Amino acid sequence: MKNHETQNRERRMFITGATSGFGEAVARLALAAGYKLALTGRREDRLQALQSELGDAVRYALCFDVRNRDETAEAIRACSSDFVPTVLVNNAGLAVGREPIDEGVYDDWDRMIDTNLKGLLNVTREWTPHMAPGSRIINIGSVAGRQAYPGGAVYNASKFAVHGLTQAMRMDLLPRGIQVAQVAPGAADTEFSLVRFKGDEAAANAVYSGYTPLSAEDVADAVMYVATRPEHVSIQDVLIMPAAQASAYHFHKS
Ligand code: NDP
Ligand code: 8X3
């Protein structure tokens, strides 16, 4: 079978936002699957703890903010001479606030657009010139990039942008033999809502009450499925939802 897993190429995964949630769960599953890892995030203590726990397979633990182009370029330059990923997981992202558009907070808007859209672009622009045929890029989108909902406008816009970008990236990188996929989850119990509600634990917990949300591991499992297909198979798009969620705003809660 012709497969990038069988080409005697070391399997290397570069994961943005590995300090919690999906990114951390993907790191653990990828390690178990034999990948060497480069993990990133802004919280250095978390990165170091993860590196100590996961051991030598973590080749790089890179503390930088994907919004900062210079930091991003410098971090990727630091490892590109001996660690070019076979799988790039563009996961770092966040939602901030639930205000309606006429009460929106500019700083929240900037954080979402600069991280979810421009940060993903920054990392992609720095890595793609180095990546080899048979490599994959997996962008973490969201059901919020398929359906808008009240109080979600700018987060929705940023994830609709990821949806569009994923398609255009796939076309641009087709001649280079680099596959581009999107994994778009529904509600998953990570630190996502704590960040969105700015540390309000009661508000964050309420998002996941009355039904069973996705876990970070459920989403990581989907990412690993996409990552490990034979080279001639391209999973372009995965929408993964809790059984109790039918759309961005339809939940069956007890
Ligand atoms: P978490 O808050 O648990 O994880 C977010 C990760 O992104 C953290 O590791 C954080 O690291 C990193 N991150 C955030 N901002 C930056 C930045 N500026 N530079 C570098 N890293 C950054 O949430 P999730 O795991 O749930 O979220 C991961 C992705 O999944 C996001 O793109 C989110 O939009 C998306 N998503 C989440 C869903 C959910 O319901 N949980 C559903 C659908 C999509 P650090 O703070 O250390 O920088
Ligand atoms: C996160 C899922 O529904 O909170 O992307 O927007 S949702």
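Around ligand 2 we find Ser-142, Ala-144, Tyr-149, Tyr-155, Phe-192 and Arg-196, where a residue counts as near if one of its heavy atoms lies within 4 Å of the molecule. This is a predicted model, in which local features need pLDDT of at least 70, side-chain atom pairs count only at pLDDT 80 or more, and totals for chains, interfaces and linings use all residues. Residues are numbered from 1 along each chain as its sequence is written, chains are lettered from A and ligands numbered from 1 in the order in which they are written, and side-chain values use heavy atoms, with hydrogens and water left out.

Which residues of that shell make polar contacts with ligand 2? A polar contact here is a pair of N or O atoms within 3.5 Å. The side chain of Ser-142 has a polar atom 2.5 Å from an oxygen atom of ligand 2. For Tyr-149, an N or O atom in the side chain is 2.5 Å from an oxygen atom of the ligand. For Tyr-155, a polar side-chain atom lies 2.6 Å from an oxygen atom of ligand 2. On its own, ligand 2 exposes 240 Å², and the protein buries 85% of that; these areas come from the Shrake-Rupley method with a 1.4 Å probe. By class, the shell has four nonpolar, one polar and one charged residues. In this scheme Ala, Val, Leu, Ile, Met, Phe, Trp, Tyr, Cys and Pro are nonpolar, Asp, Glu, Lys and Arg are charged, and the others, Gly among them, are polar.

Now ligand 1. There are 29 residues around ligand 1, and Thr-19, Arg-42, Asp-65, Tyr-155 and Thr-190 come nearest. A polar side-chain atom of Thr-19 is 2.7 Å from an oxygen atom of ligand 1, and one of Lys-159 is 2.9 Å from an oxygen atom of the ligand. Gly-21 uses a polar backbone atom instead, 3.5 Å from an oxygen atom of ligand 1. Taken alone, ligand 1 exposes 870 Å², of which the protein buries 96%. Its shell divides into 11 nonpolar, 12 polar and six charged residues.

Where do the two ligands sit? A pocket is found on a 1 Å grid over the protein atoms alone, as an open set of points where a 1.4 Å probe fits, with protein on both sides within 12 Å along at least five of seven lines; lining residues have an atom within 4 Å of a point.

The largest pocket has a volume of about 1,100 Å³, meaning the space filled by probe spheres set on the points. It is lined by 49 residues, and Leu-94, Ala-95, Tyr-155, Thr-190 and Phe-192 lie nearest its centre. The largest share of the lining, four residues, comes from H6, a helix covering 192-196; helices are DSSP runs (H or I, at least four residues). The lining divides into 22 nonpolar, 17 polar and 10 charged residues.

The second largest pocket has a volume of about 170 Å³. Its lining includes Gly-134, Arg-170 and Glu-231, and divides into three nonpolar, six polar and two charged residues.

Technical notes. A polar contact is a pair of N or O atoms within 3.5 Å; within protein, one must be able to donate a hydrogen and the other to accept it, and residues adjacent in sequence count only if both atoms are side-chain atoms. Helices (H or I, at least four residues) and strands (E, at least two) are DSSP runs, numbered from the N terminus.
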